[in-house]
Amino acid sequence: MISPGKKFRGQAAITDALILLFISIFASLLIFSFIGTWGEDQDQVLRSAYVLNYMQSVSKALYYVDSSTLSEVKSDDIDVYKKALAASGFETNNYYDLGSPDYGCGQLAKYPGTLRVTDLMKRDLADSDPEVGEKPTLDDQFGNAQVPGRTAVRCAMKELMKPFAFSGYKYYFEAMLSQDAGTIAGGTAGALVHYEGPEITNSKDKSVVGVETLAGGKSEKKLNGDGAEAPGCFSAVRNGLQILAISSPFQVLYSDTSSGSLQSKFIKYKTRICIWQSREDIA
């Protein structure tokens, strides 16, 4: 016969063993959970670092790529490289088609071995002085002369961003005034360089990409349903998209002869490339 004291001691030992087992299981779960989460976090950091490194390489490549080498880039029948995005959807417009001989990448063949992509972009921006209130635009124009700066960047980005585009990412390229350029009216929206015509993006999200509107008879890009906002990376953030972005500074030489003598100065800008995962193309 087992005495009551021995019986209680046996129950206590079993209880202690069960408690120790539960503590061991819980500690093991915590350790495995931490290790698993830590591995996922490390993987995400490494992937982000790889993506940002590639994006930085794209930004640098724009300074070295000969514009004329992009003359064979086509739209490949992709709407964002071929048609105009309007409030009602895509509309056919040769002015937007990268395959157009007059407005597409083919016109870059006129600049063999002389101008890089960023050279044309800078010339595109060099016909306005934002420090005295002139709004810079990427419009393939230098005054009244055709200079395909916007198109050169658009053609280059289509090719260079293919690894992202084929992996379900959308990108947006924008130029903006550097804060060092002086006081900028309108904050971030006022600092952005506006587009006339196609934007440099593969997105068709009208909460991020602008649709054409007429302001004073001049084409401008505005977000669909909200004319107060400027399209671009900040609009992507405002719409809850998680973006990765890199920026690169550059300067544009602005010259003025209106006073009878040549006056020149450098205007500080920066480019920004942002990308985000998207399900736009999934029906």
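**Helix packing and buried loop residues in a predicted model**

In α2, Val117, Leu120, Met121 and Asp124 meet Gly149, Arg150, Ala152, Val153 and Ala156 of α3. A contact here means heavy atoms within 4.5 Å. By class, this contact has six nonpolar, one polar and two charged residues. Ala, Val, Leu, Ile, Met, Phe, Trp, Tyr, Cys and Pro count as nonpolar; Asp, Glu, Lys and Arg count as charged; the others, Gly among them, count as polar. Helix α2 spans residues 117–125 and helix α3 residues 149–160. Their axes come within 7 Å and cross at roughly 145°. Axes are lines fitted to C-alpha atoms, for helices over the stretch in contact, with angles from 0 to 180 degrees between N-to-C directions.

The model is predicted: local features need pLDDT of at least 70, side-chain atom pairs count only at pLDDT 80 or more, and totals for chains, interfaces and linings use all residues. Residues are numbered from 1 along each chain as its sequence is written, and side-chain values use heavy atoms, with hydrogens and water left out.

The protein has six helices and 12 strands. These are DSSP runs numbered from the N terminus (helices, H or I, at least four residues; strands, E, at least two). Of its 283 residues, 39% are buried. Buried means under 20% relative accessible area, exposed over 50%, and partly exposed in between (1.4 Å probe, protein chains only). Among contacts between residues at least 6 apart in sequence, 66% join residues at least 24 apart.

Leucine 70 lies in the loop between α1 (4–61) and β1 (83–86). Its relative accessibility is 8%, so leucine 70 counts as buried. Beyond residues up to four places away in sequence, leucine 70 touches Val65, Cys105, Leu108, Val117, Ala152, Cys155 and Ala156. Val117, Ala152 and Ala156 also take part in the meeting of α2 and α3. The C-alpha atoms of leucine 70 and alanine 109 are separated by 7.8 Å, at 39 residues apart along the chain.

Valine 65 is also in the loop between α1 and β1. Valine 65 counts as partly exposed because its relative accessibility is 21%. With residues up to four places away again left out, valine 65 touches Leu70, Leu115, Arg116 and Val117. Valine 65 and arginine 116 are 51 residues apart in sequence, yet 5.5 Å apart from C-alpha to C-alpha.

Glutamate 199 sits in the loop between β7 (194–195) and β8 (200–201). Glutamate 199 is buried, with a relative accessible area of 5%. The glutamate 199 side chain makes a polar contact with the tyrosine 172 side chain (2.4 Å). A polar contact is a pair of N or O atoms within 3.5 Å; within protein, one must be able to donate a hydrogen and the other to accept it, and residues adjacent in sequence count only if both atoms are side-chain atoms.
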